[in-house]
Amino acid sequence: MMLRETKVVALTVFHTFLLAICSANGNQTCRPSSCGDIQKISNPFRLKGDPSGCGDPDYELVCENNRTMVNLEHGKYYVADINYDNYTIRVVDPGVEKGNCFSAPLYSLTREIFRSDKRAYFLNPHEATNTTVLMNCEQPISDGNYIPITPCNRSNVTSSSSQAYVYALVGGGDSLLVNDIKYSCTISRTIITQFLKPGNLSRSDLQEILLQGLDISFLPFRCKRECHMRSRLDQKYCRMVLFWVLVL
């Protein structure tokens, strides 16, 4: 426990240091763009169609049906918020909607897509998260840890007509192992969610968390690129903060 607390303190120190470095390199010559609820899209982000040289192409967003979207590795997500103070962007799966039935996410969102140091985004190191899986099961399950789901569109989450029951299982920490699934079920989605304490959860609890979205960080990759053009000392701190983000 003490080791993890030490890592968090160290990351906070490096995070503050790099915020000062990166803010000094901001693009001040381009006007912010806007799309729907996102009224300030500025460096390092750019909106598709912005003048060349404004923002970073790796952080290009698109405006579709008056909603700001971001392309991650395997799908396009709604942008619910951009926080330039702590370098986070909050993304929401476009398949999740409010309603009396459960609208399943369109995509799986796993930790593996954020682990490479070449990614433009990383999991926010200050956000407590866990892993949730959606499963198709052939038989009903009487287990309080399994959340029964009534999907709005059964074909989105059910692989066959024989798998008539849909459940969600929330991991107790940063990961959820296949061995944690005690029954004969087929996993249809694996999703990183903001922290949900397992046990006594309802479908609406899970849906509310999915509607809130997930904060991911654009600080490490951004600063890593910018610091390559600066002194060796700055590069050293950039590599250190990237290391702490990956190991936490």
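Rings of Phe, Tyr and Trp (its six-membered ring) are taken to pair if their centres lie within 6.5 Å. The model is a predicted one, and by this rule it holds nine aromatic pairs. Ring pairs join Phe45, Tyr59, Tyr84, Tyr87, Tyr121 and Phe218 into a cluster.

**Aromatic pairs**
- The pair of Phe45 and Tyr84 is edge-to-face, because the ring centres are 6.3 Å apart and the planes stand at 80 degrees, where over 60 counts as edge-to-face.
- Phe45 lies in the loop between strand 2 and strand 3, and Tyr84 in the loop between strand 6 and strand 7, so this pair ties together parts that are 39 residues apart in sequence.
- Phe45 has a relative accessibility of 2% and therefore counts as buried.
- Tyr77 and Tyr107 form a tilted pair, with 5.3 Å from centre to centre and 45 degrees between the planes.
- Tyr77 belongs to strand 6, while Tyr107 sits in the loop between strand 7 and strand 8, 30 residues apart.
- Tyr77 is buried, with a relative accessible area of 2%.

**Charges over rings**
- Lys40 lies over the face of Tyr84, at 5.6 Å from the ring centre, and Arg67 lies over the face of Tyr78, at 3.5 Å from the ring centre.

**Sheet and helix**
- Four strands make up an open, antiparallel sheet in the order 10-11-9-12, with strand 10 and strand 12 at the edges.
- Strand 9 and strand 12 pair over nine bridges, and Met135 has Ile187 in strand 12 as its bridge partner.
- Helix 3 (residues 203-212) lies across strands 9, 10, 11 and 12, and runs at about 55 degrees to strand 12.

Definitions and conventions: Residues numbered from 1 in each chain as written. Predicted model: local features only at pLDDT ≥ 70, side-chain atom pairs only at ≥ 80, totals over all residues. Heavy atoms only, no water. Pairing = 2+ DSSP bridges. Helix = DSSP H or I, 4+ residues; strand = E, 2+ residues; numbered from the N terminus. Contact = heavy atoms within 4.5 Å. Axes fitted to C-alpha atoms, helices over the stretch in contact; angles between N-to-C directions. Phe/Tyr/Trp six-rings, centres within 6.5 Å; stacked < 30°, edge-to-face > 60°. Buried < 20%, exposed > 50% of the residue type's maximum accessible area, 1.4 Å probe, protein only. Lys NZ or Arg CZ within 6 Å of the ring centre and 35° of its normal.
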